[in-house]
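Subject: Structure for your review

Dear colleague,

Please find below the structure that I am handing over to you. My notes on what was found in it follow directly after it.

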Amino acid sequence: MKPQFFIISAALSAIFIACGTQQQATTNGKETQTHTTADNSNRKAELTFVEKVSDNAVYTKNISSKINFNLKKGDRDISVDGQIHMRRDEVIRIQLAPLGLVEVGRIEMTPQYVLILIRPTKEYIKATYNEIDFLRRNGLNFYSLQALFWNQLFMPGTQRVSQQMLEQFAAELTNAENNVPVKLEDGKMKYQWTADKNTGRITQTDAVYQSGTNGQSSLQWKYSNFTAVGTKQYPQNHSFTLTASDEMGKKTSFSVALKMKKIDTNGDFETNTSVSSKYKQITVEQAIKRLTSL
């Protein structure tokens with residue numbers, strides 16, 4: 001298999017499974033647990049810290065950058081250059097182009113659809129989330145993914161984390177040194193954001209789903225190399241490791257490192273990709289069948 005096809009195919013698989021891991025709790029949104037404590041003073045300190053973490057979110061509407069995209073799966077370790085373009089509440093787009101020359105693949109996510117372009121084979125997938133059985137069974141939320149890419153807290157099944165919703169997060173300040181765990185439980189999902197005690201900056205996000213039949217799925221997303229974006233700090237380096245189980249209990253694991261080279265906040269990019277008539281649409285089932293043979 002050509003490296004170009006492997007990396008866009010494996011990236012597609014990683015995004016699909018990661019999305020499922022993130023949003024499994026959406027249908028259980030009403031089950032979100034509100035943290036309570038008898039010590040009002042400690043609880044006030046917790047909420048103050050959670051608010052500090054939330055307030056670190058960047059204000060800009062657009063983030064773009066040239067990137068280096070590295071993917072590891074088993075004994076495969078492939079790096080490719082590319083670009084990322086994000087517009088808040090509209091699009092997350094990753095374009096992969098070896099040496100920055102010819103684009104070999106594109107992953108585009110919007111609130112309405114997922115689009116995958118595989119350039120070498122002139123194939124694509126475009127569907128709403130409800131049209132894709134694999135995604136619908138596992139659940140997928142654009143806004144949860146957006147929060148991960150934008151280094152923010154998120155609440156399953158919602159577009160924004162309101163001031164009132166922050167009361168549902170718990171911060172473990174007792175005995176915390178430099179890193180403070182900020183936690184949220186939602187049904188079978190457990191989320192934890194690790195934040196710097198002094199700055200409130202999120203350095204890691206963990207999401208764990210415990211299935212009664214398929215075992216445990218987990219996603220760990222790390223952030224580093226923060227740089228100024230307006231008056232806030234934004235991480236140029238993102239890396240995530242995903243371990244998930246399919247319906248048969250078979251585990252799949254990926255590690256992805258995405259390094260941004262220079263953050264640009266202008267909005268000089270299209271939010272929607274048009275697919276050429278030369279491209280053949282394939283089903284998700286076809287794509288997943290290929291991916292399981294990688």
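Strand β5 pairs with strand β6 (residues 123-127) in the antiparallel sense, over 5 bridges. Two strands are taken to pair if DSSP finds at least two bridges between them. Helices (H or I, at least four residues) and strands (E, at least two) are DSSP runs, numbered from the N terminus.

Before I continue, please note that this is a predicted model, in which local features need pLDDT of at least 70, side-chain atom pairs count only at pLDDT 80 or more, and totals for chains, interfaces and linings use all residues. Residues are numbered from 1 along each chain as its sequence is written, and side-chain values use heavy atoms, with hydrogens and water left out.

β4 in turn runs antiparallel to β3, to which 5 bridges join it. In that pair, R93 stands opposite E108 of β4.

How are the residues of β5 covered? Of the 5 residues of β5, 5 are buried, so the strand is largely enclosed by the rest of the structure. Buried means under 20% relative accessible area, exposed over 50%, and partly exposed in between (1.4 Å probe, protein chains only). In a regular strand the side chains alternate between the two faces of the sheet. In β5, V114, I116 and I118 point one way while L115 and L117 point the other way, and all are buried.

β4 is mostly covered as well, with 5 of its 5 residues buried. G105, I107 and M109 point one way from β4, R106 and E108 point the other way, and all of them are buried. G105, which is placed in strand β4, counts as buried because its relative accessibility is 0%. From C-alpha to C-alpha, G105 lies 9.8 Å from E123 in space, and the two are 18 residues apart in sequence.

Which residues make the nonpolar surface patch of about 370 Å²? L99, L101 and V102 make it. In building patches, like charges are joined within 9 Å and nonpolar side chains (Val, Leu, Ile, Met, Phe, Trp, Tyr) within 5 Å. L99 is found in the loop between β3 (91-96) and β4 (105-109), and it counts as exposed because its relative accessibility is 70%.

Other sites

Helix α4 (residues 142-150) has 9 of its 9 residues buried, so it is largely enclosed by the rest of the structure. Among these buried residues are F142, Y143, L145, L148, F149 and W150. The helix is followed by N151, whose phi is positive, near 65 degrees.

N70 belongs to strand β1 (residues 62-73) and is buried, with a relative accessible area of 13%. The side chains of N70 and D77 are joined by a polar contact of 2.8 Å. A polar contact is a pair of N or O atoms within 3.5 Å; within protein, one must be able to donate a hydrogen and the other to accept it, and residues adjacent in sequence count only if both atoms are side-chain atoms. Leaving aside residues up to four places away in sequence, N70 touches D77, I78, S79, S255, V256 and A257, where contact means heavy atoms within 4.5 Å.

E177 lies in the loop between β7 (170-171) and β8 (179-186) and, at 66% relative accessibility, counts as exposed.

The protein as a whole

The secondary structure comes to 5 helices and 14 strands. Buried residues make up 50% of the 294 residues. The accessible surface (Shrake-Rupley method, 1.4 Å probe; for residues, only the protein chains shown count as cover) comes to about 14300 Å², of which 45% belongs to carbon and sulfur atoms.

With kind regards

Key:
Patch = residues over 30% accessible without salt bridge, like charges linked within 9 Å, V, L, I, M, F, W, Y side chains within 5 Å. Salt bridge = Lys/Arg side-chain N within 4 Å of Asp/Glu carboxyl O.
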